[in-house]
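Morning, everyone. Have a look at it first.

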Amino acid sequence: MELKLTKTFLLDTWLFFRSNFNYIILIVFPFTIPLEIFSFVYYEFLAEDEGGLAPFIPELFYLFFYPIFNAALVFFVASVIKGRSITATQAWGLGIKYWPSYFVLTVILILVVGFGFAIFIFPGLIFAARLAFSEFDLLIKNESVGQSLKSSWKSSKEYFWVLLNGGLVITFVIYAPYFLIFSILSEIGLYSEILYLILSIIESALMALYTIYAFRVYDFSNQQHNKQRKADA
């Protein structure tokens with residue numbers, strides 16, 4: 001059952017991504033392209049022995065803006081599924097509105113999932129899958145940060161393997177060609193920092209696949225819950 005759902009949701013994710021690609025990059029690229037260029041230029045001039053927070057400045061900038069464009073992506077995906085597609089400007093506006101709480105949630109998720117990967121890889125995967133619904137509960141259902149984490153941990157239990165398997169497939173699809181290209185170009189001496197920048201920008205668009213897939217599972221979970229509730233009424 002899990003494999004069948006995973007296959008179905010991955011196909012739905014790809015079809016959504018392909019059908020709405022122009023809108024997705026319109027939402028994401030105005031943020032990720034300047035951030036990737038800034039990171040590229042910053043590290044070009046950063047001294048190798050620079051200490052303190054200096055090496056992490058680009059990541060901190062990315063963390064600051066991520067809640068805006070990824071929340072905008074979530075609201076856009078939700079609007080399309082509901083049949084009331086919103087514009088990029090409207091999506092950004094909602095991203096800015098929810099920035100404080102989504103920023104806090106993002107930091108918590110980075111710390112929790114990162115800690116899971118640090119102590120052992122599988123706990124990190126567990127945390128990533130079980131907390132995958134938290135951003136949707138926060139943004140769509142307007143739950144608090146703490147409540148969204150609790151809700152996600154509870155509602156994602158039934159779909160753990162679907163979330164995990166789908167996430168792993170998407171990771172392979174994105175990064176297998178990514179590292180293969182690097183390996184081949186390095187071998188023949190054509191690797192360049194500019195190419196790395198271009199691939200990083202492409203990667204920022206493909207990262208939307210994670211959000212779309214998780215939301216597809218989330219939406220299915222809510223539909224099943226509503227059907228069960230009506231059946232019990």
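Start with helix 5, residues 99-119, and helix 6, residues 121-130: their axes come within 5 Å and cross at roughly 155°. This is a predicted model, by the way. An angle over 145 degrees counts as roughly antiparallel. Helix 5 and helix 6 are therefore roughly antiparallel to each other.

Which residues meet there? From helix 5, we have V112, V113, G116, F117 and I119. They meet I121, P123, G124, L125, F127 and A128 in helix 6.

Now, what is buried in helix 6? G124, A129 and R130. The buried residues of helix 6 pack against helix 5, but also against helix 8 (145-155) and helix 9 (160-187).

Next, helix 2. It covers residues 21-45, so 25 residues, and at 1.5 Å a residue it should span 36 Å. Its end C-alpha atoms are 34 Å apart, which agrees. Helix 2 does bend, though, by about 50° at F29. A proline, P30, follows within four residues.

Leaving aside neighbours within four places in sequence, I24 is in contact with F17, L73, F76, A208 and I212. That brings us to the core. The largest nonpolar core has 57 residues. Inside that core, the residues with the most contacts are I24, L139 and V217.

Terms used: Residues are numbered from 1 along each chain as its sequence is written. This is a predicted model: local features need pLDDT of at least 70, side-chain atom pairs count only at pLDDT 80 or more; totals for chains, interfaces and linings use all residues. Side-chain values use heavy atoms; hydrogens and water are left out. A nonpolar core is a set of buried Ala, Val, Leu, Ile, Met, Phe, Trp, Tyr and Cys residues joined through side-chain atoms within 4.5 Å. Buried means under 20% relative accessible area, exposed over 50%, partly exposed in between (1.4 Å probe, protein chains only). Contact means heavy atoms within 4.5 Å. Helices (H or I, at least four residues) and strands (E, at least two) are DSSP runs, numbered from the N terminus. The expected span of a helix is 1.5 Å times one less than its number of residues. The bend at a residue is the angle between axes fitted to the seven residues ending there and the seven starting there. Axes are lines fitted to C-alpha atoms, for helices over the stretch in contact, and angles run from 0 to 180 degrees between N-to-C directions. Angles under 35 degrees count as roughly parallel, over 145 as roughly antiparallel, 65 to 115 as roughly perpendicular and the rest as oblique.
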